[in-house]
Amino acid sequence: SAAQFQAVFDGADFKVGHPQFLVLARRSTLGHSRLGLVIGKKNIRRAVARNRVKRVVRDTFRHCAGRLDSLDIIFLARRGFDTLLPGEQTSIMRDTWERLARKVDKA
């Protein structure tokens, strides 16, 4: 819901930045992680490209979700992420989830 998204925006415990996207995360009491996607038409014009970005982000999140216990995560796309090749997108997102997991483990 909008209130849950706003809670992550207002009180993000962890941030992982990249020139093409931003990942915000906040601890949750649900016992599992949730992923929210914000991929605006302003930043990624074509629907096909937006859908590909969503697919890559969700797929890499599923593979790394075991290390990201009890987090509410928001992925914000920026301009240029759709210009990367799908393989590059996948490797960047895997590295991002690992960086986020390390930050959570440190805290």
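## Basis of the model

Contact here means heavy atoms within 4.5 Å. Helices (H or I, at least four residues) and strands (E, at least two) are DSSP runs, numbered from the N terminus. This is a predicted model, in which local features need pLDDT of at least 70 and side-chain atom pairs count only at pLDDT 80 or more, while totals for chains, interfaces and linings use all residues. Residues are numbered from 1 along each chain as its sequence is written, and side-chain values use heavy atoms, with hydrogens and water left out.

The predictor's confidence in each residue is expressed as pLDDT, on a scale from 0 to 100. For the protein, the mean pLDDT is 91, and 100% of the residues reach 70 or more. Among the elements, the lowest mean pLDDT, 87, belongs to helix 1 (residues 2–10), and the highest, 94, to strand 2 (residues 21–27).

Strand 4 (residues 71–77) is mostly covered, with seven of its seven residues buried; buried means under 20% relative accessible area, exposed over 50%, and partly exposed in between (1.4 Å probe, protein chains only). In a regular strand the side chains alternate between the two faces of the sheet. Leu 71, Ile 73, Phe 75 and Ala 77 point one way from strand 4, whereas Asp 72, Ile 74 and Leu 76 point the other way.

Two strands are taken to pair if DSSP finds at least two bridges between them. Strand 4 pairs with strand 2 in the antiparallel sense over seven bridges, and with strand 3 (residues 34–38) in the parallel sense over five bridges. Asp 72 of strand 4 is the bridge partner of Arg 26 and also of Arg 34.

Strand 3, helix 2 (residues 47–64) and strand 4 form a left-handed β-α-β unit. A crossover is right-handed if, with the strands pointing away from the viewer, the path from the first strand over the helix to the second runs clockwise. In the loop between helix 2 and strand 4 lies Ser 70, whose phi is near 55°, a positive value in a residue other than glycine.

The 21 residues of helix 3 (residues 86–106) should span 30 Å at 1.5 Å a residue, which agrees with the 30 Å between its end C-alpha atoms; the expected span is 1.5 Å times one less than the number of residues. Buried residues of helix 3 include Gln 89, Met 93, Trp 97 and Leu 100. Their cover includes strand 1 (14–18), strand 2, strand 3, helix 2 and strand 4.

A nonpolar core is a set of buried Ala, Val, Leu, Ile, Met, Phe, Trp, Tyr and Cys residues joined through side-chain atoms within 4.5 Å. The largest has 26 residues, and those with the most contacts inside it are Val 23, Leu 68, Ile 73, Phe 75, Met 93, Trp 97 and Leu 100. Strand 1, strand 2, helix 2, strand 4 and helix 3 each give two or more residues to this core. Apart from it lies another core, of five residues, among them Val 8, Leu 24, Ile 74 and Leu 76.

## Two further buried residues

Gln 20 is located in the loop between strand 1 and strand 2 and counts as buried because its relative accessibility is 18%. Although Gln 20 and Phe 81 are 61 residues apart in sequence, their C-alpha atoms are 4.9 Å apart in space.

Ala 49, in helix 2, counts as buried at 15% relative accessibility. Not counting residues up to four places away in sequence, Ala 49 touches Ile 44 and Asp 82.
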